[in-house]
Amino acid sequence: MSDVVLSFRGIGHDFPGRGRGGPPLRALRDVSLSLRRGETLSVVGESGCGKSTLARVAVRLYQPTHGTLEYHGEDLTRARGRALRPLRRGVQMVFQDPNGSLDPRMTVRRSVTEPLQAAGVARRDRGDRAAEVIAQVGLPVDALDSYPHEFSGGQRQRIAMARALAARPELLVLDEPTSALDVSVQAQILNLLRETQAVQSLAYLFISHNLGVVRYLSDRVAVMYLGGVVEVADSADLFASPQHPYTVALLSAVLEPEAGGAVRRRAALRGELPSAADTPPGCAFAARCWLATEQCRTVRPPLVETVPGRQVACHRPGEASLSDLPQPTGAGRPGEQDVRV
Amino acid sequence: MTFAEAEAEPLVLDAQRVSIGYGGTPVVSELDLRVRHGEIVALIGESGCGKSSVALATMGLLGGTARVTGERLRVCDTDALGTDRDPLARLRGKRISMIFQEPMTSLNPCMRIGDQVAEVLRIHRLADRRRARDRAVELLELVEIPEPGKRARQYPHELSGGMRQRVMIAIAMAGEPDLLLADEPTTALDVTVQAEILELIRTLQRRTAMGVLLISHDLGVVASMCDVVKVMYAGQVVESGRTAEVLGAPRHPYTQALLAAVPRASGQQVGRLAAIPGQVTPADRATPGCRFATRCALAGAGCEQPQQLRPAATDGASPDWQVRCWRHNETGRADE
């Protein structure tokens, strides 16, 4: 068996456009990524960049409109019924909001054993496995006989994790699992994720907009913008020397709780994401990029390997850097015209 | 502005020993909070610590079973305590205004943007109908909304989250307030948009010299925006002082733990995050002693005694740096 658990090959996903004959909304375009056993690949980007759609494609909640999804080398893009079973067991999901993803009328035991039933585990073994995973996520065994409302947000997220872990998956898809939690509780869950991965060589597809969290958990990071991947790199490399101007802008916008209130120079990103239904012909980021040239506005840059293990979709890779950013602009201040396109 | 000059600025919010409870359950106890003209003060803390209740009490918007008591709660020289009728009604939207976390639910979905801004001007009789319409467009321009004339005729759903928050700010600025309350103003926004909105709030604050009370759980936002910070835990302020001092060398174990729990996107990578074990003790089960003791790594004999806010008393520290921990001298050394 190969080391690669899941691969996206040229995945595209369109949602129907508004009204009859409206242009489709291109949520994903030509995304190629793969996840190896035991690795954490994070996907970051702003709302609307397609990261949650990618998560849903990974668990085949969505059937992608283009490209292929492979699980252990097997094409499951259009698989149905029995053929999907290995993926259904091996790839599990944890959602952002545990209040919405746990059935309020099911005891924790039922929620946690349901995937075991689906995976064909004998009834008499399910109870033992439930007790095992609930302990693994740091909850007392008597939690199994309670209902979700009896727990705090952090505990509910632990229950959601126990459910995802129950059927011994190889890959967890985590869609913003800590963004509804307070920082102190978030730290508990992040540590739990790390420990769980260490003991059972689980792969994570981690979706987040919080770059601090991403850095803490990831081996590799993919940065998405408007449905496409603009940069993929090892986590340490990406945070140390981002190559794509959008990654630079994203990193520079993070506010760290350092003393003195000194704000680092931030990229003067004006405006917001263009609509996914009406994307420009060239680089999707060109309209907000301070380095954009005529070429950027007309020719879409492909995602190419610049150094081994590192891919960037930019005509001018590596030219933007955190230490050399345009000043933030405000009303009537100089420089505004330079960046507003 | 030097420290002494700042002290001389008039107070726009003056709360002394203010407590807030809902139907007998205390959520905020004996809070002291002052915001001066031209100053940005932050209240930080996790969910349920009482920070939003403070903002709502300041606006006079706590309804139902809520009870606000205390020695003094003065908002823009108006006494907000001890009267049955609503003493702040005249001020709301004019001298004090507020922006909320979720701009979509705070805006009226059935009303054009421009009309929502103009409404404030009409209610406070700051302009007649025609003048209000023009002024609304000016205000949209003030908050850096492109094509304000066109946007004024649109509805909230036609705008992005960042633009909607700008509209909220325009509405808040309409009455040229002395005090702006910002309750998690950027929590629902992406980081790049967050950066723009914070920049806008700061620009407007400098231009008008209004006081700002910023409520947030995000230490990064607070560090970049605020002059003074108050850290709340379970309804009490546990540490208070200049932002640089409090976040630079925190003295209360909770402030320290909070800072250690934040994963960083820059600087040195930590080995393992220092999570705070357990969770907040509900207010109705609080003991008289330190409320953080059940989760504190330093807790021991003495922590069951009621804790007072005391000067941090470090050489060279400003006198208003206060800590609610009797062992704060040890915590200072224990840090790093």
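Domain bounds are those of an automatic or database domain assignment, and for chain A of this predicted model that assignment gives domain 1, comprising 4–16 + 25–225, and domain 2, spanning 242–339. The centres of domain 1 of chain A and domain 2 of chain A, taken over C-alpha atoms, are separated by 30 Å. Nine residues from domain 1 of chain A and 12 residues from domain 2 of chain A take part in the contact. On the side of domain 1 of chain A that touches domain 2 of chain A, at least two residues are supplied by each of β2 (25–36), α8 (211–217) and β9 of chain A, with the largest share, three residues, coming from β2(A). By class, this side of domain 1 of chain A has five nonpolar, two polar and two charged residues.

Chain A also contains an open sheet of eight strands with mixed pairing, arranged in the order β6-β7-β8-β3-β9-β10-β12-β11. At the edges stand β6 (91–94) and β11 (304–307) of chain A, each of which has a single partner strand, so that one side of each is left without a neighbour in the sheet. From one strand to the next, the twist averages 25°. Within the sheet, strand β7 (residues 171–175) of chain A and strand β8 (residues 203–208) of chain A run parallel and are joined by five bridges; Val173(A) has Leu205(A) as its bridge partner in β8(A). Helix α1 (residues 51–58) of chain A packs on the sheet, where it touches β3 (40–44), β6, β7, β8 and β9 (220–225) of chain A, and its direction makes about 150° with that of β8(A). Helix α6 (residues 153–166) of chain A lies across β6 and β7 of chain A, and runs at about 175° to β6(A).

In chain B, strand β3 (residues 40–44) is largely enclosed by the rest of the structure, because five of its five residues are buried. Ile40(B), Ala42(B) and Ile44(B) point one way from β3(B), whereas Val41(B) and Leu43(B) point the other way, and all are buried. β3(B) pairs in the parallel sense with strand β9 (residues 211–216) of chain B over five bridges, and is joined by four bridges to strand β10 (residues 228–233) of chain B, again running parallel. Val41(B) has bridge partners in both of these strands, namely Leu213(B) in β9(B) and Val228(B) in β10(B).

As to confidence, the mean pLDDT of chain B is 89, with 95% of its residues reaching 70 or more, and the model scores ipTM 0.85 and pTM 0.88.

Note on methods. Residues numbered from 1 in each chain as written. Chains lettered and ligands numbered in written order. Predicted model: local features only at pLDDT ≥ 70, side-chain atom pairs only at ≥ 80, totals over all residues. Pairing = 2+ DSSP bridges. Axes fitted to C-alpha atoms, helices over the stretch in contact; angles between N-to-C directions. Contact = placed C-beta atoms within 7 Å. Nonpolar A, V, L, I, M, F, W, Y, C, P; charged D, E, K, R; others polar. pLDDT = per-residue confidence, 0-100. Buried ≥ 20, exposed ≤ 12 C-beta atoms within 10 Å, placed from the backbone.
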